[in-house]
Amino acid sequence: MKLQGNTILITGGTSGIGRGLAEAFHKLGNKVIIAGRRQNLLDEVAKANPGIEGLQLDLENTSGITKFAETVKQKYPELNVLINNAGVAKFENWTDGDLNMDEIVSTIDTNITSVIRLTAALLPVLSSKKNATIMATTSGLAFVPLTKAPTYSATKAFLHSWLQSVRFQLEDKVEVLELPPPYVATELGGQAQAQDPRAMPLNEYVEEVISILQNSDIKEGEILVERVRELRMAERTNQYEKTFATLNTMFN
Ligand SMILES: NC(=O)c1ccc[n+]([C@@H]2O[C@H](COP(=O)([O-])OP(=O)(O)OC[C@H]3O[C@@H](n4cnc5c(N)ncnc54)[C@H](OP(=O)(O)O)[C@@H]3O)[C@@H](O)[C@H]2O)c1
């Protein structure tokens with residue numbers, strides 16, 4: 001992916017990793033459009049970064065995604081990069097018979113179904129460009145699940161698989177990248193996560209991602225910072241059982 005002169009749409013650009021990437025790409029000289037539900041944060045990011053534009057989007061609203069894609073195509077026909085970054089993460093306890101099925105379905109809709117819908121809706125405009133990129137934020141948990149978050153971990157494993165197939169089909173037409181973060185200090189899992197000393201500081205994560213993109217150091221389409229390698233490589237290096245146990249003991 002080239003790092004300047006793109007028109008980039010980032011979902012989940014109102015906070016955390018999405019906001020960090022939006023601001024970094026903006027500084028590098030790209031047109032950046034952020035999407036999310038919270039209008040006050042869309043306004044705040046746009047005000048703090050003149051040039052960034054915000055569009056409201058609820059990824060759980062199917063017809064809303066279709067309308068949103070039409071708006072994007074009309075307002076930004078030059079769009080050449082889509083970053084599917086929005087996501088939600090919830091813990092589930094399968095032992096106490098009190099599962100919140102609405103929350104589980106919402107996680108699947110937000111993390112999987114909406115990514116497929118939005119990518120399909122914007123593919124025609126993206127694939128007409130010379131330098132088109134589709135990226136999706138997965139997780140280190142795509143490779144080793146956090147047992148407290150079964151559905152969340154599985155949504156990211158789904159995306160990892162889906163991206164491989166789409167990458168293969170779109171080879172030579174659209175670059176397809178996967179961004180699997182390690183544990184990063186955002187409010188994804190609540191306010192405590194943003195203060196958790198075990199989490200990678202957000203600014204360090206964004207800097208390392210941009211540096212990987214700058215150095216074109218991307219193998220198999222995966223943007224791997226050092227801190228996520230243990231999870232990503234666990235199976236390949238025959239460390240799966242140990243890594244699974246360590247992760248799930250640490251976050252029990
Ligand atoms: N932080 C970590 O440790 C970590 C690790 C691995 C992967 N990730 C992944 O990184 C991505 C970003 O998460 P984050 O850590 O930056 O947490 P975050 O600050 O909570 O960001 C999540 C973003 O998703 C958006 N979003 C959620 N539901 C949405 C919906 N229905 N419609 C539209 N937008 C929606 C939120 O925007 P609104 O609330 O404004 O809609 C928000 O901007 C997620 O895919 C997450 O799974 C994070």
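## Around the ligand

A residue counts as near a molecule or strand if one of its heavy atoms lies within 4 Å of it. In this predicted model, local features need pLDDT of at least 70 and side-chain atom pairs pLDDT 80 or more, while totals for chains, interfaces and linings use all residues. Residues are numbered from 1 along each chain as its sequence is written, and side-chain values use heavy atoms, leaving out hydrogens and water.

So who sits around the ligand? There are 29 residues, and Ile17, Arg37, Asn85, Tyr152 and Thr186 come nearest. The shell splits into 11 nonpolar, 13 polar and five charged residues (Ala, Val, Leu, Ile, Met, Phe, Trp, Tyr, Cys and Pro count as nonpolar, Asp, Glu, Lys and Arg as charged, and the others, Gly among them, as polar). Helices here are DSSP runs of H or I with at least four residues, strands are runs of E with at least two, and both are numbered from the N terminus.

## Polar contacts

Now for polar contacts, meaning N or O atoms within 3.5 Å of each other. Lys156 has a polar side-chain atom 3.0 Å from a ligand oxygen, and Gln193 also places a polar side-chain atom 3.0 Å from an oxygen of the ligand. On its own the ligand has 870 Å² of accessible area, and the protein covers 95% of that (Shrake-Rupley method, 1.4 Å probe).

Strand 2 (residues 31-36) and strand 3 (residues 53-56) run parallel, joined by four bridges; strands pair if DSSP finds at least two bridges between them. Gly36 faces Gln56 of strand 3.

## Aromatic pairs

You'll find two aromatic pairs in the structure. Rings of Phe, Tyr and Trp (its six-membered ring) pair if their centres lie within 6.5 Å; planes under 30 degrees apart are stacked, over 60 edge-to-face, and the rest tilted. Tyr183 and Phe251 are edge-to-face because their ring planes sit at 80 degrees, with centres 5.0 Å apart.

Technical notes: Polar contact = N/O pair within 3.5 Å; in protein donor to acceptor, adjacent residues only side chain to side chain.
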